[in-house]
Structure formats: structure tokens, C-alpha cells
Amino acid sequence: MIEIAVEHTQGDFTIAADIRASGRVLALCGPSGAGKTTLLDVIAGLRRPRRGRVAVDEAVFLDTARGIDVPARLRRIGYVFQEARLFPHLSVAHNLTYGARFASRGPKLVAFADVVALLGLEPLLARGPARLSGGEKQRVAIGRALLSNPRVLLMDEPLNAIDDARRQDILHLIETLRDAFAIPIIFVSHRVSEVERLASDIAELELGRLIALRGPREAERP
Amino acid sequence: MSDGAAWSEALIFSPAEWTAIFLSLKVATVGALASLPFAVGLAWLLARRRFPGKSLVNALAHLPLVLPPVVTGWLLLIAFGRQGIFGRALEACCGLTFAFHWTGAALAAAVMGFPLMVRAIRLSIEAVDARLEQAAQTLGAPSWYIFATVTLPLAAPGIIAGLILGFAKAIGEFGATITFVANIPGQTQTIATAIYSATQDPNGAATTWRLTGIALAIAFVALFVSEALAARVAKRDAG
């Protein structure tokens, strides 16, 4: 169960959304300026909304009514940023293991060897991020987030900086992640057509408002 | 005596000159290294945190840059002299004496170089993408760990530049040093104050020239080392 209720104003942009998803993969869709990334930042704890509640299964990350606001570093939320945000001075291997020493909390769902194999990172381990292609950076960022032993995985436009050929690979990869590691995934995309295949729930946003929320049953309909 | 012999004699440093050179290097090294942690800490606060009185703290840190150095030296004497509150406390607790002692010259050098260091380091910390620090947060890292593993290494070129700048400023520091710890050969006489003494001496031209040459050489080496280190860091970051 993924629960995101947020009310937040920033300048002249207001976001007010109440999303409840029962499936394991929630897609946030909408045009740019819809507030998708803002929502991810709120979920990750990088932005504090005026009012809101964020919970995944039994873990409550934020509940302003009850004064709960877990700091970002304690939320155990794996965040794959749109622009990857790899540490430029560390090798791929060190980027991947950066969060490992803090990942002792909670049961370990993900092993280093599995992530490296699944994402095909073996030949990249010794390289620096400056010598990676866009798609490779994305895969390393996904690996790094997974290895921090997250309770939830956030992905911001994972299909964006990737050419059409690679897009199918990444889509397939997200499906594999969903099936291989029992981690709920929340991901952002600006195209609904792209996400229907793998999302169990789809929330459509526009100008900071939730305009449609489709649960598992409707999403499965062809 | 031939001209050549006179020239080679003129190139020989006297023991007093060597003493001033080594003392300068010691004072500048200790001054720059001892103030580095404070400069990095303050630069980080100014670059990354918002707190009440921030502009006042910023102004205070920059004060030695705009005050007449003699004033800074005199204030140091008041505060860190034998009768000063800090001077007395530090002598009582740690046996540290500053007045008319080389440690005082190091303190004066550190204070005078501090604003330059803070400025260079602050700019380099501000240039570190704060979104990388956010990424580290989401990976579970506490603030001190993010600072040590992300901010500090990425700001390294600026920190090195700041350190060298502080060192070079310390080598050249004159006004605060001579006011605070005077110009005692073998005790507190640095290259700068030794040159000053030599210029006051009708027979001091050769000493002035020799020490000027050394001051130029140290400045060149410092700048060269800072460029070389920064280039190495840049190369590492390019992966």
C-alpha cells in the first residue's frame, strides 16, 4: 500500500494530491510542470510540504498532523534521479557501494553480485562516471539506489535520456526489478502509454492536481 | 678581489638570513595548516547553512582583509599578549605563549591569511552540486560523512588553492607580525621583517637582494604546486 497525500505551495505553484495505490508499481504521469518530481522529493524527504502524509506499507515517513517527519537519510528510499547524480570523483564500484555501510537497517533484499549481474555493470566497475554513456549512468544509478537496501524505489523519468532501442531494455529492467526484488517502485513518466505495461497503479497529474487514478484492475485491462 | 668573487660572496646567505628564511617557512606552514580546519568549517557554514548573524560572522571573518594590519597586530597583542584574556588562558592551560614568540608570528599569519582561505574554500564548496549531497542523503549517509566523502573531495582544488593562498599571505605578512611579536632576529624575524631591517641598514643592500630572491622563489613554488595539485584533482574528476 502506497499512500501519498500532499499539500504544498511553492511560489505560485500549488500541489495538492491524494494518491493511494494498492499495487507494487505506481506510475506518476503527466506533462512537465505537473509536480511529479516535487512529489518524489517529498516522498524522499528532500522537500518538506506544508501538509501531508507519506506512507508505504507499515512505514510512515511523513505525517505533519502527527508531527512525524523522518529525515531523508533514515527513510531508506532509493532515489534514481533523472540526471543520475553519480559521484563524479568515485568509480562505478564505489558509487554502487556508497550506501552499503548505512544499509544495515532492515532485512537485506538485494545482493551486490545480483545487482551487478542484473544491470550488466561488471565491465564498468573500475570506470569513472565521466566515461559512461547516458544509459550506463542510469543503470549505475539504479544499482546504487538498490544497494542502499531501500524500502521503496523512486525513479524519475528513467526512460527519458535513453534512445528508443535502450528504452525497451530499461522497461524490461524495471519489470525484472519488480519481480526480482520485492521492493515497491514509484516512477515518473511524462507519457502514459509508456507505463501501462508495468505499472499496477497509474496516477495522472496536471498542474499539481491529481486528475485520474487507475488501480490494478483498470490498468490490466487491455 | 675579482668581480666574480665579489658576486659569489654576495650570493652566500648569512646564518641570520637562513634563520629568517626557515622561521618564515615554519611560521607560514604552521599558520596555514592550523587555520585550515577552521577555514573549511566556516566556509562550509557560510556556503551551506542559513543561521542568524550569518552576515556578521562573514564580516568578522573578512575584517583582517580591510583593517590596517597594524590594528590587527595590536588587537592580537591585547587579546593574546601575556596580559590578554586569551593569552593568559592559553598559557595557563596549554603552556602556549604568543607574545614575542614565533607562535605569535604564526597566529598573526593565520589571522591575516584566514579571509583569503575562507573565500577561496567557500567558493569551491558553493561550486559543489548540492544535488549530489542530496543523493548521498537518500543513500543513508549522515551529514559529516557526506561532507567528508562528497563535499570535501569535490571542493579539494579550492581548498588547496586556499591553503596555498594562506601560506603565501603568511610568508608576506608584515604589519600585524611586527606589531604583535616585533622583529627579533632568531625569534620572530621573518623574511619580510628581515628585509625591512636590511632596508634600514646602509650596508643591507645585499641582504635585501638575497631575501627578495628567496621571497620570489617561494612565491613561484607555491603557485606552481597549487596549479599542479589542482590539475591533478581535475584529471581525477574527469574519470
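The model is predicted. In chain A, helix 1 is followed by A:G45, which has a positive phi near 90°. Helix 1 of chain A, residues 36-44, is mostly covered, with 8 of its 9 residues buried. Among the buried residues of this helix are A:L39, A:L40, A:V42 and A:I43, and also A:K36 and A:D41.

Strand 1 (residues 2-10) and strand 2 (residues 13-21) of chain A run antiparallel and are joined by 9 bridges. Opposite A:T9 stands A:T14 of strand 2 of chain A.

Between the chains, 23 residues of chain A are in contact with 18 residues of chain B. On the side of chain A that touches chain B, helix 2 (72-75) and strand 7 (77-80) of chain A each give two or more residues. The residues on this side of chain A comprise 13 nonpolar, 4 polar and 6 charged.

In chain B, helix 2 (residues 15-48) packs against helix 9 (residues 156-172) at an angle of about 140°, and their axes are 8 Å apart. Because of that angle, helix 2 of chain B is oblique to helix 9 of chain B. The crossing of these two helices of chain B is right-handed. Residues making the contact are listed below.

| Helix of chain B | Contact residues |
|---|---|
| Helix 2 | B:S24, B:V27, B:A28, B:T29, B:G31, B:A32, B:S35, B:L36, B:A39, B:V40 |
| Helix 9 | B:I159, B:G162, B:L163, B:G166, B:F167, B:A170, B:I171 |

By class, this contact of helix 2 with helix 9 of chain B has 11 nonpolar, 6 polar and no charged residues.

How values were computed:
Residues numbered from 1 in each chain as written. Chains lettered and ligands numbered in written order. Predicted model: local features only at pLDDT ≥ 70, side-chain atom pairs only at ≥ 80, totals over all residues. Pairing = 2+ DSSP bridges. Helix = DSSP H or I, 4+ residues; strand = E, 2+ residues; numbered from the N terminus. Buried ≥ 20, exposed ≤ 12 C-beta atoms within 10 Å, placed from the backbone. Contact = placed C-beta atoms within 7 Å. Nonpolar A, V, L, I, M, F, W, Y, C, P; charged D, E, K, R; others polar. Axes fitted to C-alpha atoms, helices over the stretch in contact; angles between N-to-C directions. Parallel < 35°, antiparallel > 145°, perpendicular 65-115°, else oblique. Left-handed = near helix turned anticlockwise from the far one by under 90°.
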